[in-house]
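Here is a short briefing on a two-chain model. Read it alongside the coordinates, topic by topic.

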Amino acid sequence: MLPVIVKLLLRRALLAVPLVLAVVTITFFFIRLAPGDPAAIMAGDAPTPEFLAQIRSEYGFDRPVWAQFLTFLGKAVTGDFGTSLYTKQPVFSVILERFPATVLMTGTAMIVASLIGILVGVASAKRAGSRLDTLISAASLVGYSVPGFWVGQLLILLFAVSLNWLPVGGMEAARASYRGWRHIQDVAWHMVLPVATLSVFLLTMIARFTRAAMIDALDQDYVLVAEAKGASRARILWHHAFRNASVTTITVIGLEFGAVLAGAVVVEIVFSWPGLGRLFYDAIYRRDFPLLTGAFMFSSFIVIAVNMASDVACTLLDPRIRR
Amino acid sequence: MKDGIIVKPAPFAGRPGWGMRLFSGLAASRRLSASGVLGVAFVVIVGAGTLFAPLFTPFDPLALGADTLQAPGWAHPFGTDDLGRDVLARVLYGGRVSLSVGLFSAVLSVVLGMTIGMVAGFFGGALDEALMRITEAFQILPKLLVAVVVVSLIGSGLTNEILVIGLLSWPATARVIRGRVQVIRHEEFIAAAEMSGASWVRVLARHVTPNVLSFLLVSAALQVASAIMAESFLSFLGLGDPAHPSWGLLLQQGQLFLQQAWWLTTFPGIALAMTILGLNLMGDGVAGGRAGAARR
């Protein structure tokens, strides 16, 4: 088994390399393409001549373009994204500081969306064509048609402003400094609305695709065989059919992860959540280009990694994909 | 079948016009469902509202007023913003911006996706393999974040928004069209055209294109929806054009006054959601629930 997994990981890694290269190339290309001097773009709106000179020599903007690209690439893949123009800290450490908050919110939302999405998808496939199925289909169409950040704004208006049940934003109560269990409770309380907002899109995507895959799977011969052998309904549904449909579910989660991360950016802004999204917003607002491009490359690397992981998971789940 | 409804255009029969083929295609296999009709209604309502905006409101969307942050009432049905501007006017005129960006970038992405998909599906082999690898790479890249970085670097503005969204959104169309062309490729009428000496450009343009037209329409509706969504995302992050406020920009401004003025976010959001939902319903209605596949 081990050699198969090793070979698999190597093959996926070979796919990931061109993608990482593409991300770095896009970033480099547009920094060069942007109107004006690339050093001036990296240095911000009112740089001192010394700072400009420092950037020029750091990135070698006086050398040929291919040499500049190699320097940029070398720095990017080793996590050296330059220095934030605003905080003057290394961009990578600023990102690492914010990253846990984003992981907490996005991770929770993905777990919630996967669990509910799979349940809803399986339930509507089981009763395909019924009134419940139609209702679920209609709801999921609405779910992915409504922009996430607006859903967040509406939830704030309803649950935080009108009803005053849940906090408007932030990650913890501003005036209290809770410790231990109380702190966990406080953060969880602040997470309810942002997680609900972020889950909507992924949940509807998972439900739609799981439903379609389950309808396909339930139509296969092995389901008939399982029925003939007298397997229970639950066992047929989950062990025989869903095991096969889950490949589709995992593929959707992988493919939509980029959209989920982008959604997290706007949801964090709506709820003043102190993660990567706020970082993007502040970087755009302050024209802090090293921070912006660094946050972009970092997020893209994560998206590529998640896609590779979902590919590997699918291959392990379904031996037919292995060649 | 002499003069009845043409179910599937016979290869050697006199060629009906494109409009007729399209109509017969829709009527035969992909009848517009009830939800599709609802979608058309949504889009028509929003479209008419933005197109004939001056009929619905006397106000200028950019004109400042003395009544700031007024709740909805007789004078201002959707209320006013922090600078006294009429929100109804801003929503209606903002729709022109959102819809134009959506339409133009969808045209760009559909043309690009159609070309790539047709070439890949028609020629197959190594070319197909290469094009599909590129398509996959584009699908994995976080499209909206790429758009954010590129627009920040090259500068915001409607043209840049259209170009960036259009150039990033073609993979969905390319995959659908490729799949369709792979099926058509082996039909007799293609072989007949090739044997009679038609060049591949001619075969693609005159024999393949009419047969993927209904798929293109579905794809276009879904692309407009996703482009409008992408535009609102960029504007919400402050990358819109302040001189041409779109729905996303209105929602960004509304965020600042979320706790004082619910109408600043509620109304632009309803317009945005109605448009996207309408377009998705249209796409779904025509495709018979295959939008999930067409979307990717």
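Of the 323 residues of chain A, 41% count as buried (20 or more other C-beta atoms within 10 Å of the residue's own; exposed means 12 or fewer, partly exposed lies in between, and C-beta atoms are placed from the backbone). The model is predicted: local features need pLDDT of at least 70, side-chain atom pairs count only at pLDDT 80 or more, and totals for chains, interfaces and linings use all residues. Residues are numbered from 1 along each chain as its sequence is written, while chains are lettered from A and ligands numbered from 1 in the order in which they are written.

**Confidence**
- Chain A has a mean pLDDT of 83, and 93% of its residues reach 70 or more (pLDDT is the predictor's confidence in each residue, from 0 to 100).
- Where pLDDT is low, the predicted coordinates should not be read in detail.

**Fold of chain A**
- Chain A has twelve helices and zero strands (DSSP runs numbered from the N terminus: H or I of at least four residues for helices, E of at least two for strands).
- Its C-alpha atoms fill a box of roughly 80 × 55 × 40 Å along the principal axes.
- Among contacts in chain A with a separation of 6 or more, 71% join residues 24 or more positions apart (a contact means C-beta atoms, placed from the backbone, within 7 Å).
- α6(A) has 15 residues and reaches 21 Å from its first C-alpha to its last, close to the 21 Å expected at 1.5 Å a residue (the expected span is 1.5 Å times one less than the number of residues).
- Buried residues of α6(A) include A:I136, A:L141 and A:Y144.

**Core**
- The largest nonpolar core has 160 residues (buried Ala, Val, Leu, Ile, Met, Phe, Trp, Tyr and Cys joined through C-beta atoms within 7 Å).
- A:I206, A:F280, A:A295, B:A147 and B:V148 touch the most other members.
- Helix α10 (residues 233–270) of chain A gives the most to this core, with 19 residues.
- Beyond its neighbours within four places in sequence, B:A147 is in contact with B:V164, B:I165, B:L168, B:A230 and B:L234.

**Interface**
- 45 residues of chain A are in contact with 39 residues of chain B.
- α1(A) gives the most to the side of chain A that touches chain B, with nine residues.
- That side has 36 nonpolar, eight polar and one charged residues (nonpolar: Ala, Val, Leu, Ile, Met, Phe, Trp, Tyr, Cys and Pro; charged: Asp, Glu, Lys and Arg; polar: the others, Gly among them).

**A kinked helix in chain B**
- Helix α10 (residues 200–236) of chain B spans only 45 Å between its end C-alpha atoms, whereas a straight helix of 37 residues would span 54 Å.
- A kink of about 55° lies at B:T209, shortly before the proline B:P210 (the bend is the angle between axes fitted to the seven residues ending there and the seven starting there).
- Just after α10(B), B:G238 takes a positive phi of about 85°.

- B:V286 lies in helix α12 (residues 263–287) of chain B.
- B:V286 is buried because 24 other C-beta atoms lie within 10 Å.
- A:Q89 sits in the loop between α4 (65–77) and α5 of chain A.
- A:Q89 counts as exposed because it has 12 C-beta neighbours inside 10 Å.

Technical notes:
Two residues are in contact if their C-beta atoms, placed from the backbone, lie within 7 Å.
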